[in-house]
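Reader: I am new to this structure and would like to learn how to read it. Please take the features one at a time, with the general idea before the case.

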Amino acid sequence: MTLQIGVIGVGMIGQDHIRRLTTVLAGASVVAVSDVEATQAQEVAARIDAKTYLTGEEVISASDVEAVIVTSWGPTHARYVLAAIAAGKPVFCEKPLAETVEDCEAVLNAETKRGKRLVQLGFMRRFDAQYRAMKETILSGAIGAPLIFQSGHRNPSVPGYYTANNALTDTAVHDIDIARFLLDDEPIAISVMAPRKNSRGNGLADPLLTLIEMRAGALVAIETSVNIAYAYDIRGEVIGETGVVTLAERNDVVVKANGMFSGRVPADWRERFVDAFDAEFRAWIAAAKAGGAAGPSAWDGYVATITSGIGAKAIASGDRETITLRHRPPVYSAN
Ligand code: NAD
Ligand code: ISE
């Protein structure tokens with residue numbers, strides 16, 4: 001059986017996901033697309049022989065669309081996710097789930113009312129082989145109880161509309177989510193400090209150092225550098241009571257020449273996480289065919305949004321801000 005998918009928002013990541021669904025993975029076809037840029041929607045649709053619709057709501061209600069992908073701009077995500085839940089259709093939503101805690105809660109309430117998960121969130125790091133190996137190492141007890149997770153998230157550059165808060169709400173949300181995944185714990189407080197600004201950043205407070213306190217006592221330190229020029233570099237290390245586990249460099253080869261050794265650093269998130277995105281969609285296709293979702297949930301989206309939002313408050317206040325999560329609904333008990 002082929003899963004028939006409608007895609008809302010066919011910009012950079014929407015097109016990349018369509019590429020993997022139509023040329024890399026088996027078991028799915030994209031039958032409908034929409035974008036506020038109608039010409040772009042038509043161009044993408046023509047390449048894959050899909051129908052175009054003027055609105056995301058029309059994609060969701062199209063009778064041949066069995067499952068929905070939301071890859072439009074962040075502020076529009078919640079309304080399409082809610083419409084998909086109302087239609088009873090599985091929905092894959094890129095991060096963020098929503099930009100406000102209220103909208104995230106509306107999604108939690110809608111899914112809870114349905115009594116089952118329909119939403120899978122685009123936190124692809126959870127499908128990355130390296131982070132999975134890191135988690136297995138922690139669970140094996142090889143490094144003892146985890147005490148600190150240090151995460152480095154470096155982008156070579158960001159677009160002009162990117163704000164200081166985006167380092168948390170757009171970028172560090174991935175580190176927040178993977179910290180929760182690795183430590184199997186929730187955040188309780190956040191502080192943010194900024195060193196002297198990177199002069200390449202058009203006045204942006206960049207880099208940022210974010211410190212998150214987890215409920216069981218571990219600390220998460222996240223360095224976001226979003227104008228660091230040299231490449232897209234994702235770092236990670238968990239320090240335990242008796243050992244450490246570190247994300248390895250992921251080169252196929254190391255070149256030694258002229259008295260030096262070198263390897264490649266990825267250019268962007270598409271290259272760094274290509275295998276993770278493929279695995280994420282393999283899992284989603286299988287789960288959506290069964291009428292549900294796999295991996296990161298709306299709860300994970302809610303925690304990322306509330307934590308990064310309070311982090312933005314911490315940037316402004318310069319203080320340690322506490323994080324209070326609502327009760328986790330039972331529908332999200334098994335992740
Ligand atoms: P983009 O601007 O390239 O593409 C977004 C597209 O959505 C644009 O073509 C825009 O016209 C369209 N759009 C906006 N509002 C719409 C609406 N209401 N209905 C239909 N189309 C609409 O942005 P992008 O880089 O592709 O990012 C899209 C989303 O994916 C963002 O939420 C971003 O945070 C997320 N993202 C995730 C990752 C990741 O690593 N998981 C990487 C990049 C982007
Ligand atoms: C982008 O939206 C992503 O999600 C990337 O994974 C992240 O590295 C980047 O900073 C974001 O802008």
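Author: Start with a helix. Helices (H or I, at least four residues) and strands (E, at least two) are DSSP runs, numbered from the N terminus. Here G309 belongs to helix α10, which spans residues 298–317. This is a predicted model, in which local features need pLDDT of at least 70 and side-chain atom pairs count only at pLDDT 80 or more, while totals for chains, interfaces and linings use all residues. Residues are numbered from 1 along each chain as its sequence is written, chains are lettered from A and ligands numbered from 1 in the order in which they are written, and side-chain values use heavy atoms, with hydrogens and water left out.

Reader: Is G309 buried, exposed or partly exposed, and why?

Author: Buried means under 20% relative accessible area, exposed over 50%, and partly exposed in between (1.4 Å probe, protein chains only). G309 counts as partly exposed because its relative accessibility is 36%.

Reader: Which residues form a nonpolar patch on the surface?

Author: Like charges are joined within 9 Å, and nonpolar side chains (Val, Leu, Ile, Met, Phe, Trp, Tyr) within 5 Å. The nonpolar patch here consists of L147, I148, L211 and L219, with about 270 Å² of accessible area together. Accessible areas come from the Shrake-Rupley method with a 1.4 Å probe; for residues, only the protein chains shown count as cover. L219 lies in strand β10, residues 219–225, and is partly exposed because its relative accessibility is 31%.

Reader: What surrounds ligand 2?

Author: A residue is near a molecule if one of its heavy atoms lies within 4 Å of it. Around ligand 2 are K95, M124, H153, N155, D170, T171, H174, Y232 and W269. Helix α7 (residues 166–183) gives the most to this shell, with three residues. By class, the shell has three nonpolar, four polar and two charged residues. Ala, Val, Leu, Ile, Met, Phe, Trp, Tyr, Cys and Pro count as nonpolar, Asp, Glu, Lys and Arg as charged, and the others, Gly among them, as polar.

Reader: Which side chains have an N or O atom listed against an oxygen atom of ligand 2?

Author: A polar contact is a pair of N or O atoms within 3.5 Å. Among the side chains, K95 has such an atom 2.8 Å from an oxygen atom of ligand 2, and for H153 the distance is 2.6 Å. A polar side-chain atom of D170 is 2.5 Å from an oxygen atom of this ligand. The protein covers 83% of the 300 Å² of accessible area that ligand 2 has on its own.

Reader: Which residues come nearest to ligand 1?

Author: They are I13, D35, W73, Y80 and K95, out of 27 residues around ligand 1. A polar side-chain atom of W73 lies 2.8 Å from an oxygen atom of ligand 1. Taken alone, ligand 1 exposes 840 Å², and the protein buries 87% of that.

Technical notes. A polar contact is a pair of N or O atoms within 3.5 Å; within protein, one must be able to donate a hydrogen and the other to accept it, and residues adjacent in sequence count only if both atoms are side-chain atoms. Patches are made of residues with over 30% relative accessible area and no salt bridge: like charges are joined within 9 Å, nonpolar side chains (Val, Leu, Ile, Met, Phe, Trp, Tyr) within 5 Å. A salt bridge is a side-chain nitrogen of Lys or Arg within 4 Å of a carboxyl oxygen of Asp or Glu.
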